[in-house]
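Please read this note with the model open beside you.

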Amino acid sequence: MTRRGWTLLIVALVVLGLVAIYLWSMQRQAPIVSARYKEVFVENCLKQANDAAQQQNKPFNEEQKQMLQQVCNCGAARSSSVLSTTDVNTFLANPSDPAMLDKIKPILEACAKESRGSGTAP
């Protein structure tokens with residue numbers, strides 16, 4: 001093998017190694033983003049629901065709070081598996097983004113319907 005051949009082989013191996021390191025680091029970050037997304041999602045979901053109830057002067061009772069917690073947890077789990085990485089990052093940057101809320105609303109409605117159907121509704 002010529003000197004040029006060895007040089008190309010070394011460059012190719014270095015590039016392959018760098019790509020592997022990059023992909024490995026991205027996989028390690030994904031669960032962190034996912035956990036952060038779920039945390040922010042549930043926090044935002046509960047806050048918006050409580051704010052809406054307070055504006056109507058109808059605070060939630062304990063049973064309703066438990067159901068709301070279930071619905072928000074369900075919405076976080078489902079939306080994290082349905083939304084793209086770009087959507088998740090958009091939500092993390094601005095949880096009140098109207099475009100994101102439009103994407104999340106049907107997911108929360110399905111979760112709420114299932115919670116009511118399970119017999120845990122007040």
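Which residues form one aromatic cluster? Tyr37, Phe41 and Phe91 do. The points below begin with how the model is to be read.

1. This is a predicted model, in which local features need pLDDT of at least 70 and side-chain atom pairs count only at pLDDT 80 or more, while totals for chains, interfaces and linings use all residues. Residues are numbered from 1 along each chain as its sequence is written, and side-chain values use heavy atoms, with hydrogens and water left out.

2. The whole structure has 3 aromatic pairs (rings of Phe, Tyr and Trp, the last by its six-membered ring, with centres within 6.5 Å; planes under 30 degrees apart are stacked, over 60 edge-to-face, the rest tilted). One of them is the tilted pair of Tyr37 and Phe41, at 5.8 Å centre to centre and 50° between the planes. Both residues lie in helix α1 (residues 3-55), 4 residues apart, about one turn of the helix. Helices here are DSSP runs (H or I, at least four residues), numbered from the N terminus. Tyr37 and Phe41 are both buried (under 20% relative accessible area; over 50% is exposed, and in between is partly exposed, with a 1.4 Å probe and protein chains only).

3. Phe41 also forms a tilted pair with Phe91, with 5.7 Å between centres and 35° between planes. This pair links distant parts of the chain, since Phe41 is in helix α1 and Phe91 in helix α3 (residues 85-93), 50 residues apart. Phe41 and Phe91 are both buried.

4. The structure holds 2 disulfides (pairs of cysteine sulfur atoms within 2.5 Å). In one, the sulfur atoms of Cys45 and Cys72 are 2.0 Å apart. The torsion about their S-S bond is about -70°, so this disulfide is left-handed. Cys45 is in helix α1 and Cys72 in helix α2, 27 residues apart, and both cysteines are buried.

5. The other disulfide joins Cys74 to Cys111, S to S 2.0 Å. Its torsion is also about -70°, so the bond is left-handed. Cys74 lies in helix α2 and Cys111 in helix α4, so the pair ties together parts that are 37 residues apart in sequence. Cys111 is buried, with a relative accessible area of 1%.

6. Ala77 is another residue of helix α2 (residues 62-82). Is Ala77 buried, exposed or partly exposed? With a relative accessible area of 38%, Ala77 is partly exposed. Ala77 and Ile107 are 30 residues apart in sequence, and 9.9 Å apart in space from C-alpha to C-alpha.

Conventions
Helices (H or I, at least four residues) and strands (E, at least two) are DSSP runs, numbered from the N terminus.
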